[in-house]
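Hi everyone, thanks for coming. You have a new structure to look at today, and I'd like to walk you through a few parts of it.

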Amino acid sequence: MSSDFGYINARIRGMKAKLLQNEFYTQALADSDFRAFTGTVAQTPYMADLEEAQAREPGLGSIDRAVGENFRRTARSILDFSDGRPHDLLALFLLRYDLLNLKTLARAKHAGRGADSALQVVLPAGDLRPALIETLAAAPDLPAMAQTLAVTKHPLSRSFSAAVRRYASDGELYALELSLDRAYFKTLLETLDSLDASRELRRHVQRELDATNLSTALKLRGKVVQNDELYVPGGREIDRGTFDAIIADASKSALAPLSGGSFSEVANTDSLSEADAVIRRVLDQSAHRLALSDPLGPGIALDFLRRKEAEMARLRLLARGKYYQVPRSQLERELGHA
């Protein structure tokens, strides 16, 4: 293991070289059906994972299992060759996937969906190992899920339990998710301070927090909102006044305060899906700039993880498109927003 980001980043650059290139996506879009698509995937670095997954589960599930395992192994391997402060920072980056997984599982419980549907879209790269995620998914309800998580002493377990107790009385899933966001960003910012993280890295995290608040405001536009805890403090560009103004006014004029900031392009979008795509692109660009600004810093890992996550999402989208025979033109459009 190493406490030197120079060595760590050299290893990550080698992993980055294995990311799928445009040629793969061109061929995948041209594949005639799901079987041809799996053949194309089998010619990539996902080959071993796909073979193992197909032996356990045929069909669409094999792709989900293969890309999930590849993502988990790749992301967790970064911790294996790091130590000290770099290791702690990298582990902190992976906490994001625990947050996403808990929210995914909570949505499934809220909607009354089975464990299988939730497990198809989890990102198993944080401290919540696959076996534990499967146990949480199999829990009969959210209180049982919270009880199981509490035993692990996970950083988000207490916040999750508190959010579930509140959910039991008001049934507000979105409030539960934002409670987790609030706990996640509080842990993130406090830990960055304790690790003496750079101003640039902290600024990127604040941009992620701003993105969370902007997404919330856009989803709630034109609605009467009485919950004061929907806003997550700690950002830099989306203050509480801007947040409330966007919710209160569904017209584009309410987005004027975004002008000149990181998320200015959001004001030019015509739908929530377009806005979400712009917000993701802003965060991707932010991570990329962080990587370029300090080749011996943690930004290289952060940028790589976002690229790997995007690759996983595209693979799952393509798999479903080929499995359900979605027209190529529609797949191309969806791929552009993934």
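This is a predicted model: local features need pLDDT of at least 70, side-chain atom pairs count only at pLDDT 80 or more; totals for chains, interfaces and linings use all residues.

Let's begin with helix 4, which covers residues 47–56. Which of its residues are buried? They are Asp49, Leu50 and Ala53. If you look down the axis of helix 4, those buried residues fall within an arc of 95°, so they line one face of the helix. On the face turned away from that buried side you'll find Glu52 and Ala55, and these are exposed. And what covers the buried residues of helix 4? The cover includes helix 3, residues 34–41, and helix 5, residues 60–80.

Helix 5 brings us to our next stop, where helix 5 packs with helix 6. The angle between these two is about 155°, and their axes are 8 Å apart. Angles over 145 degrees count as roughly antiparallel, and that makes helix 5 roughly antiparallel to helix 6. If you'd like to find the contact on your screen, look on the helix 5 side for Phe71, Ala75, Arg76, Ile78 and Leu79. They meet His87, Leu90, Ala91, Leu94 and Tyr97 in helix 6. Sorted by class, this contact has 8 nonpolar residues, 1 polar and 1 charged.

Now stay with helix 6, which runs over residues 84–111, and turn to its packing with helix 8, residues 130–138. Here the angle is about 25°, with the axes 10 Å apart. Angles under 35 degrees count as roughly parallel, and helix 6 and helix 8 are therefore roughly parallel to each other. Helix 6 passes helix 8 in a right-handed crossing. From helix 6, the residues involved are Asn101, Leu102, Leu105 and Lys109, and they meet Ile133, Leu136, Ala137 and Ala138 of helix 8. This contact has 6 nonpolar, 1 polar and 1 charged residues.

Is leucine 105 buried or exposed? It counts as buried, because its relative accessibility is 2%, and the cut-off for buried is under 20%. Setting aside neighbours within four places in sequence, leucine 105 touches Ala118, Ile133, Leu136, Ala137 and Met145. For a sense of distance, its C-alpha atom is 30 Å from that of aspartate 239, which is 134 residues away along the chain.

On to the loops. As background, most residues other than glycine have a negative phi. Aspartate 196 is not a glycine, yet it has a positive phi of about 55°. You'll find aspartate 196 in the loop between helix 11 (173–194) and helix 12 (199–219). With a relative accessibility of 63%, aspartate 196 counts as exposed.

Glutamine 325 also has a positive phi, about 60°, although it is not a glycine. Its place is the loop between helix 15 (299–323) and helix 16 (328–337). Glutamine 325 is exposed, and its relative accessible area is 68%.

To finish, go back into helix 15 and find alanine 310. At 18% relative accessibility, alanine 310 counts as buried, since the limit is under 20%.

How values were computed:
Residues are numbered from 1 along each chain as its sequence is written. Side-chain values use heavy atoms; hydrogens and water are left out. Helices (H or I, at least four residues) and strands (E, at least two) are DSSP runs, numbered from the N terminus. Buried means under 20% relative accessible area, exposed over 50%, partly exposed in between (1.4 Å probe, protein chains only). Contact means heavy atoms within 4.5 Å. Axes are lines fitted to C-alpha atoms, for helices over the stretch in contact, and angles run from 0 to 180 degrees between N-to-C directions. Angles under 35 degrees count as roughly parallel, over 145 as roughly antiparallel, 65 to 115 as roughly perpendicular and the rest as oblique. A crossing is left-handed if the near helix is turned anticlockwise from the far one by less than a right angle, and right-handed if clockwise. Ala, Val, Leu, Ile, Met, Phe, Trp, Tyr, Cys and Pro count as nonpolar, Asp, Glu, Lys and Arg as charged, and the others, Gly among them, as polar. The arc is that of the directions from the helix axis to the C-beta atoms.
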